[in-house]
Amino acid sequence: MQNTWKPFAQEVEKLNQKPRKPRKPHPLDTKAKPKRNDPTEHQGQAALIFWGKFHPIVAEYLFAIPNGGKRTIWAGKKLKDEGLMPGASDLFLSYPSKRFHGYYIEMKRKGEKPNKDQLYFLEKMRKVGYAGAWFDDWELARDSIIDYLS
């Protein structure tokens, strides 16, 4: 009787010597994503709101416009029916300055830029007498608010 295991063992050995392709990470695998040290958009906006709590005007007149985020089709339809506007800025300072009716602020993560809807919204608001700007750093947004109010 012939040994049939020897050719099989040789095939397994060949397979083990071949370099394997790296496995694609699963989309929900949090370890697969490279970590960034810079603050998220949420953290930057929260820091700006926290600072604003100690400023007499900003504490009373700066508020968020919860316009972003992922939702179901039905939730999106409901919000659209209620007046959701694509590109609306994250924050609005509803206090007039010498030249403007109010101030729209779009926050971004460091190194990110607003999309075309957000840029269009800011431009549209500027045309009708509002100030509008976007920032990827909460401290720059803070300084801009101080300049706007002075």
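Let's start with salt bridges: this structure holds seven of them. Keep in mind that we are looking at a predicted model. As a reminder, side chains of opposite charge can pair when their charged atoms come close.

Take Lys108 and Glu106 to begin with. Their side chains meet in a salt bridge, with N to O at 3.7 Å. Are these two residues buried or exposed? Lys108 has 12% relative accessibility, so it counts as buried. Glu106 counts as buried too, because its relative accessibility is 1%.

Next, please find Lys110 and Asp137. Here the side chains form a salt bridge at 3.4 Å, N to O. This pair links distant parts of the chain: Lys110 sits in the loop between E3 and H5, while Asp137 sits in the loop between E4 and H6, 27 residues apart. Lys110 is at 42% relative accessibility and therefore counts as partly exposed, whereas Asp137, at 18%, counts as buried.

Glu123 forms a salt bridge with Arg126, and their closest N and O atoms are 3.2 Å apart. Both residues belong to helix H5, three residues apart, which is about one turn of the helix. Glu123 is partly exposed at 36% relative accessibility, and Arg126 is partly exposed at 37%. Salt bridges can also share partners, and in that way Glu41, Glu106 and Lys108 are joined into one network.

Let's turn to the strands. How do E3 and E4 pair? They run in the parallel sense, over five bridges. If you look for Ile105, you will find it opposite Ala133 in E4. To get from E3 to E4, the chain crosses through helix H5, residues 116-127, and this β-α-β crossover is right-handed. Four of the five residues of E4 are buried, so this strand is largely enclosed by the rest of the structure.

In soluble globular proteins, nonpolar side chains tend to be buried together. The largest core here has 15 residues, and those with the most contacts inside it include Leu48, Tyr103, Ile105 and Phe135. Which elements give two or more residues to this core? They are helix H2, strands E2, E3 and E4, and helix H6.

Beyond its sequence neighbours up to four places away, Met107 touches residues including Leu48, Leu91, Phe135 and Trp138. Apart from this core lies another one, of six residues, among them Ala88, Tyr104, Phe121 and Leu122.

Conventions:
Residues numbered from 1 in each chain as written. Predicted model: local features only at pLDDT ≥ 70, side-chain atom pairs only at ≥ 80, totals over all residues. Heavy atoms only, no water. Core = buried A, V, L, I, M, F, W, Y, C linked by side-chain atoms within 4.5 Å. Buried < 20%, exposed > 50% of the residue type's maximum accessible area, 1.4 Å probe, protein only. Contact = heavy atoms within 4.5 Å. Pairing = 2+ DSSP bridges. Right-handed = clockwise from strand over helix to strand, strands pointing away. Salt bridge = Lys/Arg side-chain N within 4 Å of Asp/Glu carboxyl O.
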